[in-house]
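Hi everyone, and thanks for making time this morning.

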Amino acid sequence: MALDRNSSPNDLSAFWMPFTANRQFKAAPRMLVGAEGMYYRTADGRQVLDGTAGLWCCNAGHCRPKITEAVQKQVAELDYAPAFQMGHPKAFELASALRDMAPEGMEHVFFTNSGSESVETALKIAIAYHRARGEGARTRLIGRERGYHGVNFGGISVGGIGPNRKMFGSLLTGVDHLPHTHLPDQNAFTRGQPEHGANLADDLERLVALHGADTIAAVIVEPMSGSTGVLLPPKGYLERLREITKKHGILLIFDEVITGFGRLGSSFAAEHFGVLPDLMTTAKGLTNGVIPMGAVLTTAGVHDAFMQGPEHMIEFFHGYTYSGNPIASAAGLATLETYREEGLFENAAALAPYWEEALHSLKGLPHVIDIRNMGLIGAVELEPIAGEPTKRAFTAFLNAFEKDLMIRTTGDIIAMSPPLMINKAQIDELFGKLTDVLKALD
């Protein structure tokens with residue numbers, strides 16, 4: 001295929017790219033100009049297997065007809081409607097569809113525009129909830145080391161990834177962190193949930209004793225940490241965390257921006273693990289990455305605490321210009337229909353064992369020091385190059401792209417999360433190419 005010169009800009013200087021080594025990229029750009037199904041197309045016509053579902057978001061694959069048609073129709077019918085004191089049908093339809101697919105007990109939906117905004121919204125709901133109930137001293141927030149909760153100030157405050165925090169000052173006050181659950185000496189090469197580490201949830205009792213339960217509003221965790229390199233919850237850990245938070249009247253927030261919408265083979269991780277939080281944050285797979293959108297799901301108890309006082313008064317002074325945007329709502333409805341009609345969550349669950357075997361076949365390859373998996377998620381941790389952290393994994397990323405495979409790296413960890421429409425032949429293709437990449441690493 002000839003080079004598409006219209007898709008190859010001759011000036012790359014204006015765009016300051018997010019989470020990117022800008023100088024390296026602009027010296028040797030990796031341009032994507034098209035996509036369909038499981039593959040991206042590059043400017044020079046190569047087909048690149050998407051091993052990451054974009055950025056954990058294109059769970060149904062790329063350029064799916066139902067979603068495309070829904071967006072095209074909506075933009076010609078109703079392009080924008082305000083969500084403040086006004087409404088449009090599709091936002092309510094999508095909220096109902098989300099409630100119906102969520103774990104029983106999640107009853108209400110607050111729309112946002114991204115995972116970061118979903119986290120900020122959930123944190124504000126948690127603090128305001130306690131104030132509405134007469135417990136205004138509950139303002140402290142508890143996150144977890146190595147947690148990722150987006151890039152806004154609330155999210156990086158409760159988050160626990162060092163490079164995401166250290167350049168941005170003191171962040172929010174009144175925040176503390178639980179220890180992370182990564183125990184490589186005890187849990188290396190685990191398949192699914194690790195055996196060791198449930199006791200780490202008990203550190204919340206230490207924080208309660210230190211600060212007083214009556215000062216703590218919420219604990220926020222990813223049920224399975226994604227962006228930090230796929231850290232799985234030890235058996236019994238989430239159950240213990242739920243037990244302690246309930247005991248002390250603390251809200252539990254699950255950040256399901258990555259784990260939601262079939263990534264583990266269930267609609268949400270809360271369903272997969274059988275643990276119901278008080279709030280869940282979502283985004284990414286909600287619209288298949290097509291249009292920015294996020295949502296916070298809450299229990300009736302959380303929502304109803306705000307529904308007091310005069311009916312003409314605003315109950316919660318928070319929202320976004322684009323909350324429940326009509327085009328995003330249309331994309332969300334079509335995305336949920338695509339998941340259901342094509343049985344993509346069921347496909348993920350059925351292929352998880354095959355994925356696991358293929359992933360763990362990489363054990364013993366050069367520099368591989370750990371492998372972790374759950375659902376259609378996998379991580380390969382590499383031994384860092386002395387004095388040059390992240391370089392080995394980044395080299396693997398570059399070499400994989402040259403072999404027409406897209407992977408993602410964080411630190412010296414390779415993370416994979418393909419679209420849920422993947423099949424066994426494509427799993428074989430993915431790990432065949434990755435095997436070649438790992439064998440060639442210095």
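Let's begin on the inside. This is a predicted model, and its largest nonpolar core has 86 residues, of which M416, F431, L434 and L438 touch the most other members. Which helix gives this core its largest share? That is helix α14, residues 344-360, with seven residues. The core also draws on both domains, taking at least three residues from each of domain 1 (22-64 + 343-439) and domain 2 (79-341).

Setting aside its neighbours within four places in sequence, F431 is in contact with W355, A358, L359, L362 and M416. Apart from this core there is another one, of 19 residues, and A122, A126, Y129 and F306 are among them.

Now for the domains themselves. The domain assignment of the chain gives domain 1, which is 22-64 together with 343-439, and domain 2, which is 79-341. How far apart do the C-alpha centres of domain 1 and domain 2 lie? They are separated by 26 Å. The contact takes 38 residues from domain 1 and 37 residues from domain 2.

Is β8 enclosed or open to the outside? Five of its five residues are buried, so β8 is largely enclosed by the rest of the structure. As a reminder, in a regular strand the side chains alternate between the two faces of the sheet. In β8, L251, I253 and D255 are on one side and L252 and F254 on the other, and all are buried, so to speak of its faces, both are covered.

What about the partners of β8? With β7 the strand runs parallel, and four bridges join the two; here L252 in β8 is the bridge partner of V219. With strand β9 (residues 279-282), β8 (residues 251-255) also pairs in the parallel sense, over three bridges, and there M280 in β9 is the bridge partner of F254.

Is T287 buried or exposed? At 1% relative accessibility, T287 counts as buried, the cut-off being under 20%. Not counting residues up to four places away in sequence, T287 touches M293, A328, A331, G332 and T335. T287 and N59 are 228 residues apart along the chain, yet their C-alpha atoms are separated by 9.1 Å.

There is also an open sheet of four strands, in the order β11-β12-β15-β14, with antiparallel pairing. Its edge strands are β11 (368-374) and β14 (408-410), and each of these pairs on one side only. The twist here averages 20° from one strand to the next. Six bridges hold the antiparallel pairing of β11 with strand β12 (residues 377-382), and M374 stands opposite I377 in β12.

Let's finish with the aromatic rings. How many aromatic pairs does the structure hold? There are eight. In one of them, the rings of F394 and F397 have centres 5.8 Å apart and planes at 25°, so the pair is stacked. These two residues are three apart in helix α15 (residues 391-402), which means about one helical turn separates F394 from F397. F394, at 28% relative accessibility, counts as partly exposed, whereas F397, at 17%, counts as buried. Elsewhere, F261, F268, Y339 and F345 form one aromatic cluster.

Terms used. Residues numbered from 1 in each chain as written. Predicted model: local features only at pLDDT ≥ 70, side-chain atom pairs only at ≥ 80, totals over all residues. Heavy atoms only, no water. Core = buried A, V, L, I, M, F, W, Y, C linked by side-chain atoms within 4.5 Å. Buried < 20%, exposed > 50% of the residue type's maximum accessible area, 1.4 Å probe, protein only. Domains from an automatic or database assignment. Contact = heavy atoms within 4.5 Å. Pairing = 2+ DSSP bridges. Phe/Tyr/Trp six-rings, centres within 6.5 Å; stacked < 30°, edge-to-face > 60°. Axes fitted to C-alpha atoms, helices over the stretch in contact; angles between N-to-C directions.
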